[in-house]
Structures are given as structure tokens and as C-alpha cells.
Amino acid sequence: MATKTNLPRFYVASSEPPGAAHACACGNFLRENERNLALARKDQLDIMGFTSDGLKVLATTRLAHAVHSLNPFRPAWSKTDLIFVLLHNLDMLILEFSVDSVTGQAYISTRANGSAVSKVGKLSDGGILVTVDPENRCIALHLYESLVLIILLGKENMRESREIETLNLRVDENFIRSITFLHNSELPTFALLYSDNSGVHVTSYEFCIRERDFKSPSGRQVAFQNLEADVQALVAVPGTNQGVLACGLTVLAYLDADGETKTAEVRKESRGLGIVFTMISDSNNTTKILVCDMDGNVHVIRLKKSQGKNGLNKVVELASICLGQLVIASCAAYLDNRVVFIGSRLAESSVIRFREEPHPETGNLFDVLETVTNIGCVTDFILVKPEAQGTQPQMIACSGYGPGTSARIIRSGIGVQETTSLDAPTGRQVFGLNSQSAAEGPHDLLVVSFLNETKVLKMEDEVGEFEDLEAVGAFVLDDATHLVAKVGGLIVQVTRKSIRAIRPGTLELVGEWFPSDRSYQIGTAAYYKNQVVVGAFDRLIIVSFLPGAPPSVQELKLDDQISAVDISSLSRGDLAEVIVAATWKMDLTLLSAPNWERAAVVDLNSDVFARSVMFYHLDNVDFVIAGLGDGTLQYFPVDKSKVKLGPSKRVTIATQPTYLKPFIARGVSSVFVCNDRPSVIHSSGGKLMFSSVNMKHIYAVCQLDTPTYPNSLAIITETGLVVGKIDEIQKLHIRAISLPGTGRRVVFQPETATYGFIVMEKPTATQYDVGGAGDGHGIDEEGSFAKPDADAPMEEEAPDADLSAHYAMPAHKLLITDQTNYQIMAQFKFNKNEMSQAMVSGSLGSDPRVFYIVGTGVQKAEEKEMTSGRVIVFQYADKNLSIVSEKQMKSFTTCMKIFKDKLLMATGSSIKLMRWSEDGELVQDQVVNRFILPINFKIKGDFVLVLDLMRSVTLLVYRAAENKFDVIGEDPLPRWPLACEFVDDDIVSVADSDSNLIFLRRDLESSGTDIKDFVEVAGGNFADSISVIQKGTLLADTTAAERSFSQNALIMATQSGSIMHVLSIDENTYHILRQLSAKLINSILPFNKVSVEKYNATTSGPNKTTTKPSVGVINGDLIEVFTSMTGEEMLAAVAGVVDAQGADVTMEMVARLVEDLSRSH
């Protein structure tokens, strides 16, 4: 058994946060007259505002589990809306929002909390249903069969920090499909849509708050018997006497307490099984309801109303219209002014605006204004290393389901898209310049400094080339240049000898200034608006070019030679207020205006001095960043009131001297870190982030903005000068590649530089006609090939309008795409009812050819399980895809990999090893028949880890000498596993359908059998189903090799669109982070008072009520919140935290540890 000292420890964190929209709601959450969108993505809740630039996050918080639903309400005592939040683990919260009147900062707090878990009830087969009384008197939840849970919304039940009181009341109906509170009822009244053996029906219940129980209806009951079987949802209709609309695929039915009924058949072109409903407008005459169906179509149901009894309205006309196709929605909220947010778990969420006329290109009656990135749900991915990115891996993922899905290219770091390059000697500095005017404008010159000379390149706009000028006005070209910039309306050139001021336009010399001792060479320079500062040996020289005054010079002496300098204003004024100078004493000196008195001196605690130093402004915080000669960075927060530097943080970026160059991209200020491993410093979530760049050694960078190369960068590399544009600055870059259907599997074939995709597409009405298929391609028993036009775009086929094909099995295809531009080069369409989810690329036996091998299964209507299928061996060569071999199988093949030059495959209830015969046929070599439903397996050397959907994992070893497999390990506990992977030689990881991530180790100390049981050594629940796990990381090989945390890393993709990494950590790191997690959960973050034992606890059982505390696993998403805290919050969080030896740890130690971990994934 594993002992405490050698237990594995893991750190699990998200590199890409979840993008799937679990729930949304719109209301006046922050201010009485301001509408906001509340959006829940897994366990993150954002409150967003509407701006001219789109949605903007105003407040955000993390919750203890994934969010199931958000329901806004406004009690009588509140001027703003509150939100009732139900989590997937059935915890409940009532959240309240506030805004600081001075700073405008938004805050989220927990008004009340509780749990709806019952240990005796059976979870409802109809799912979790939540509804709020329109008059905000109570909330009803249907979670368990025959039970309705009532929450009263009186102020006494929502005192701050109070536990939510609930009432469990029994109802007579089972199989409840929908529940909704009705309008204009004296007592809270809700309607139920339920089914039984006789059909689908509607009934209603009145709840008496005083008696806290249901009571007999005081008037006519809202009820209806024997609705159409396809009716799935109820929607309450405002302004009516308890009116409710029953929505189905083919029919709409209205009924109310006055006995009024109205039905309407849904037109064929507007039919869709609605899954999301939201009210978009209501008046005395008309109510409009937005419906999103399971095919991704968006509909509007229009209810025409007239005057009824008791001054209330009744519905006299029902109609439905289809607005077009978007994505399969998971939630929707009407924002304002014909604008709707439509959230999706299976594709990107969108903000749309209704339009009067169909869109000329799409035909939709709406425009998409904005999209929210979501790569979920990921069904497969691979890691590849394109030559253009060197050792930087990128992920190719099959993402989403239904309309709007795509393949995704995901990579870490920041890319520079090269526009042009110049073959020239490698320079040391580069500056872009507008030489014609005093103001900034389009650049016409590029100044490049070398060791002993300077070159000036003129931009030729017509041809987009640079001309090397032999003489340029008063510019000095026979010396190195440290700085060229616009300072006080003049062009300032700083060389090793002097500071020269040049007049724009005429380029004549205005003035020149030298160090007082001309034997001192200038070694560094910087500027701020109207002032320039240089360092010459131990002298600091400041020249000011103030409007209406002659230039003034100040010179002062420091204690040692100056290696780097910068000048800035902490108040963003016109005059500089601070100077920072780095010296050869390995320290930083901070000087304050106006006399540049020494304000602070900080020791760098390093054996090397800073080669570059600069001020960087982030939100309301200023930093001083120093780039050292050994490739590390140190950065310090600046205390503006005292002009002091706060505690430093150190980051190892590269191995060679580091130089910092500020630049602006897309209106955001960032810093380019130039060295042998270039990166970009930027801000995210109120903290500094460091993202690698997809280029090798960079010496210098400057902004370049010309008519030919707008918003670009000029970059000096080892091979010369490169002009390019930088990607949007973010931790991960995601690019979508449209596929003609939903991607299921992807493999890479480097020998042909192609990708193979298995996609499924919805069948069209003509696709499966007898005797042929649409598009002129016949379908026979062998499937069909189609050779597309190489330039054909990869677009979705038109949606099916024929209900006869509505529920038919999707057609499956094999697509071969080019590696570079992802154009479809060839494709193969499988037979009717033939599906595939297994594919591999590689060679077999001694055959030199490289194959795509695909396993399929055929679903017959009369069979519950697939009893036939094929293994097809394809070869792609000379832009043609051909079948080399085909083998009939008696079951569905779910996974296959190349193993020892043979084909290892999971098919039916067995694992089979197939060899490649001399005749070019697959022949069975070995078989293991001890499984029920193997759906995946992983290979490590001679070991095979088999994932059985019904029996967890089994470990096999291949005995090459005997040509057989032996079982050497198995998990005795039943699980519903979804993914697995080897961590190392001893430990394996398993992700199950309850969102648990479990780490297992074979119990080698047990006796009595050669088959050892797996025992659980670590595990936690991360509120998200993990669909794929693989060895690897998105970091470059050189970066990962230097970071111990990245060794044996795992990368995972989830159904909510999150990319997560599993890092191995040591016992001391685990000991510190475990204590920090507890402090964060208990005192810092609004986790609705969840206990430390319950947070990330693994769940099991039919109602997921059996929990076990998380062990051996640290939630990195929680830990990394630490880096965005204030200094006071950090101190509170680390108070009392000790290491494994019992020694106290400091805030700086913890901050450095957390940042090292965050950069390791």
C-alpha cells in the first residue's frame, strides 16, 4: 500500500476557463435603472453590463459547484433584483449585489444559502425544474419524484447569512415534464405538465403561505387532459387569469382559469422541439415568447390577446414563426431593444438583434452582434507541433455539437503573423518614426541601430518596401542609437555621445547636449512626453522640452554606473514625476520630481544587474519591471503616496539578457520581453500575465504604423528585420475551422501533412432516397467517395425541413484536410446507419505505406446493440483517398491504436490485436474477452490501460515472447468512466460521469493473486465532465523542461469547454496549498459557507449524495485567485500557513509559488 510519505500529489487548474453557458438571467441587479446580464459558466458567475463595445464583466465570483439555474426575483423590500442560484450538487444560494458609491466597484454577497438534497427521495426522471412566483412570494423546485420543494421569499427567510428554509410537499403526479407559477392568482399557484399511462396532462396546485401547505382550488382549476404527446413545456402568460401556454413540436395550446382554451397547429417549417423558452415582450394586446429548439432553430410564438373576464386578458390567437438557425441553446435572456442573449453549452453563445427583413446572406430574421467563445463540448483532441511553431505544441480539437460547431486550433502564447521581412544584419535597436510633423502619425522612417552605426530606412508606400537612406538631415548615422522618439514636438535622437533635438519636416538640428564629462558614454535612454532621461556612467541627465520655454538640463550623480533607466508620471500628467534607474550594484533607485531626490533604493537580490527597466501601468496599479541579465524578471508594485516600491516578485523567462519594449495592440498597452525566449507581459483579471511568443530569439521591437503595414510591429531577429502583426493578447489562442458537420474524431498524419476528421451530419430529406442520394453521389454497400473542389469552403449543409428524417441517424464521413489551410482534400461517406468513432493513422507490419484506419458499426432498427461493422484501411496519396483493405466485424469498434506495428482495437466486449498480413489483410492475432463495454484504452510501452464503461479500468501487459496479453490490475469499484490516462509507471487517472477525477495505483503489496486491485490514492470533483485526457502540455518543450511542475503533466478537455492541466507537485507544496485552500474557502471567497471537506469532494450514488473529501488534489483555479487579491487579503490568507516542516511561510513565498504554478499550465 502507498504510505503517506510517497502519496502522489496533484495540482489541477484551467488554462482555458469554461465557455459553456449553463444558465443566464437578465435583471436590474446592480442599480434600479440599469439592466444587467447574469451568466453562469460552470462554477463562475459573471454580472455583465451592456456597453457600446458589447458585454462587459462588472463583477465575478466563483461558486462551490457548477450552476444549474439562475432565477431572478425582486422582493417587496428590495429596489434591485436578487438571484436564486441552484447548483448541480443541489446547494442553493440567494445572491445580492451592491455597488460602491465612490469607486463604482460591484460586489456580490450571499444573502442566504442551504441545500435541497434528500437522502430518501428518487431524483426525478424529468430533470431539475425551478420556477419563481411572479409576485415574488415563493420559489418551487421539483427535484425528486412526487415531491415539490417550496422556498418562502419573505424577508425573515433571507436575513444575511441565514440558512434557506424549505418545505417538501407531496404531489400526486409522477413524470413531471414542466412546472411554472401562474399570473394573477390570489395564492401562489403553479401548473404542472405531467404524463401517465393515459397521456400528457396539465394540472395546478395552490399553495397557502399561512398554512404552509397546498389547499383545494378556490375557483376553477387550471387543468387539461390528454394533450398532444409531444408537448414538453409550460409557459405562464402575463396579464391573463392564470393563463398558461403548452408548447409542443406540432401543437400549441392555451388554457386558463376562466376555462378558455385555444389550440393551434405549428406550421411544418416552424416545427422544432423547444428546449429553451424566454419572454421577450408583453403588452395588453400581444405576448411574444422566444423558443430555441434542439436543432438550433430560433422561433417566436406570438399570442394575440383581447379583453376577458375580471378586467384580465384572454388569448384569442396563437402563431409561431421560425427566425432562422443559430446554435443549440441551453439558456436565453431578453436584454432590451430587440436584443437577446442566447447561451449554449454545445457551441458559442451569441447576442442577437431581431430584424424586420431576412438577412441577405443567411436568411435569418436576426443579426449576430457578438459571440462568447466556447470550445465545449470537446469530443476528441490531439497535440501536434507544426514546423512553423518549432517546439510549441498546439491542440486540434473536435468541438461542439450541431449548428455552429467546428474544429478548434488551440495554442498557448502569442503569435506574430509575419507580413514581410528584410534580409539584413542583426540590429540592436529599432524605432518607428513620423519625420514630417510634430504630432504622432503614420510612420515614414524606420531607424535601426547597430553596434557602431545607425541605418534609416524610408518606407515606400506604393511598393511596400524600405529604402536604405545614406543621409537623413541631422541624424547621426556613424554611431549607435539608444533612442529615437517624439519629445515635446521634436525628434530626439540619443547616441552614445549626445542628445540631439531635430525639427520635424526639415530635419535640421535644433540643439545638442553632452554629458558634463564627455568621456562618459551614454549607455541607456528613455522618455516621457516632454522629457528625456539618459544614463552616462554614474550620471543621470534629464532634458526637458516644455512648451514656450527653452530646453532645460538637469544632471545628477548616482552611487554606481547606470545600466538602465525609465521615466514616467504616476498621475498620468504632462510632466514626469518619477525616474527609476538600475545600477551595476544590482539595485534600483527611485527618484522623485521636481529635484529628482532619491525616494527609495531596492536591492535586486541577484548576482546580475538589470539590463532594462520600465514603469508599467495596470488598472489602478503601477509596477516597476526589471529585466535582468540572466533572463529573469522582477516586478514591484509602486506605492504612489509614498513613492516606494512594494515587495518584489521574480519570474524566470529565459536564459539570456532581457530587454523590455512597450507597445500598444488593439488599444491595450503591453510589454514585449526581448530575449532568447520572447514573451509578452499583459494584464488579465487585475494581475500581470506572461505569455510566450511563437518566435525564437528577438533583440528589439517597436511599433510600426504605415499605410502598407498598419498597426504592426517591427521586430529584430537573428536573421534580420521582420514586420508583422501580433495576435490578440490572451493566454490561449483559439481559432475555429468550419466543418461540414459535427467533428467526432481527429488524427494527424505527418507523412502526408494532413488531418483526418470523422464528422457526422444531419441527414437531409433526399439523402437516403432509395436508389441514390442527393448531390449526384450514389450510395452502395461499399459507401461512397466524393472528391470536392479544393477551393470549396467547409460549410454546414442546409437544415432538414422534413420531419420524416428529423430523428434519423446522422450520416458519418471521413474528411481529409490539408495541414496548412484545412481545405478538404478528399472525403468518404459511410453507409446509411453506419457510424464511426474510432480512427488511427500509421503503418502496419513491414508495409512502408501510411494508412488512415477507421472502425465503424451499423445500427439496425431491429437491434438494440450493433452486431456488425467494418474496419476500413484507407490510403491518402496524390490527393486521392482509396480503400486498401476492409474487414467485416461482428460488433462496433470504439477505439483503435497502432501497437507494435499491429492494430490494437476495442470492439464489442473485447480487445483485439490485428496483424497485417503479406496479402494486405487484417488478421486477428490475439483477443482478450473479459470486458463488457470497452470504449477507450491507452498505451504505455507494453502496458495497455483499458477503460470499460461498465467496469472502470483494467491494466493489461503484453508478453512479446509469448504473443499474449495478461491482466495484471483492475479497479474493483464500479464507476461510469469517461476517460483515462497513464500518469507515470505506477499511477493512472480516471475521469467518471459524476465529474470526479480519480488517481489509482496498483496495490503491489497485496498477496494471493497476480491481478492486483487498483486503490484510490488521490481524487476530487471538478464540477465538469472530463471527456478527453492525454499526456502533454501546451507549453513549448524548452519551457516545460525547465519547470518541474510540468513534468508528467496531463492535459484534459471538458464538456463545458475548459482546457485543464494536471501537474505533479511535491509534498511540501501540497501541504502549503492545502492550508491556503482552506483559508480561501472559509474566509476570503463567497462560497456560501461550504465546508472544506465538502469543497471538491468526490460524489457517487444514485442521487450523488455519497461524498468523500478531496484528497491529494489541489484546485488550482481556487488557488490562483490569490494572485489577484489585495495585499491585505493576501496577508490574511497566508496567516498561520506553515510548510511541511512547521516553518511559517511568507506572503512573498506563497505568491511566488502560485505564480510558478500558474505559468506551468
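In the predicted model, Ile932, Leu933, Met950 and Trp976 make a nonpolar surface patch of about 380 Å².

His697 lies between strand 60 (687-692) and strand 61 (698-704). Its relative accessibility is 11%, so His697 counts as buried; the cut-off for this class is under 20%. Leaving aside residues up to four places away in sequence, His697 touches Gln656, Asn675, Asp676, Ile716, Thr717 and Glu718.

The largest nonpolar core comprises 32 residues. Within this core, Phe475, Val494, Ile499, Val532 and Phe545 have the most contacts. Several strands each supply at least two of the core residues: strand 36 (429-433), strand 37 (445-449), strand 40 (481-487), strand 41 (490-495), strand 42 (499-502), strand 44 (522-528), strand 45 (531-536) and strand 46 (539-544).

Val532 illustrates the contacts in the largest core. Residues up to four places away in sequence are again not counted. Val532 then touches Leu483, Val487, Val492, Val494, Ile499, Ala526, Tyr527, Ile541, Ile542, Val543 and Phe545.

Strand 41 was followed in detail. Six of its six residues are buried, so strand 41 is largely enclosed by the rest of the structure. Both of its faces are covered. Leu490, Val492 and Val494 are buried on one side. Ile491, Gln493 and Thr495 are buried on the other.

Strand 40 runs antiparallel to strand 41, and six bridges join the two. Thr481 has Thr495 of strand 41 as its bridge partner. The hairpin of strand 40 and strand 41 has two residues between the strands. In this hairpin, Gly488 takes a positive phi near 60°. Strand 42 also pairs with strand 41 in the antiparallel sense, over four bridges. Here Gln493 stands opposite Arg500 of strand 42. Strand 41 and strand 42 form a hairpin too, with three residues between them.

Key: Residues are numbered from 1 along each chain as its sequence is written. This is a predicted model: local features need pLDDT of at least 70, side-chain atom pairs count only at pLDDT 80 or more; totals for chains, interfaces and linings use all residues. Side-chain values use heavy atoms; hydrogens and water are left out. A nonpolar core is a set of buried Ala, Val, Leu, Ile, Met, Phe, Trp, Tyr and Cys residues joined through side-chain atoms within 4.5 Å. Buried means under 20% relative accessible area, exposed over 50%, partly exposed in between (1.4 Å probe, protein chains only). Contact means heavy atoms within 4.5 Å. Two strands pair if DSSP finds at least two bridges between them. Patches are made of residues with over 30% relative accessible area and no salt bridge: like charges are joined within 9 Å, nonpolar side chains (Val, Leu, Ile, Met, Phe, Trp, Tyr) within 5 Å. Accessible areas come from the Shrake-Rupley method with a 1.4 Å probe; for residues, only the protein chains shown count as cover. A salt bridge is a side-chain nitrogen of Lys or Arg within 4 Å of a carboxyl oxygen of Asp or Glu.
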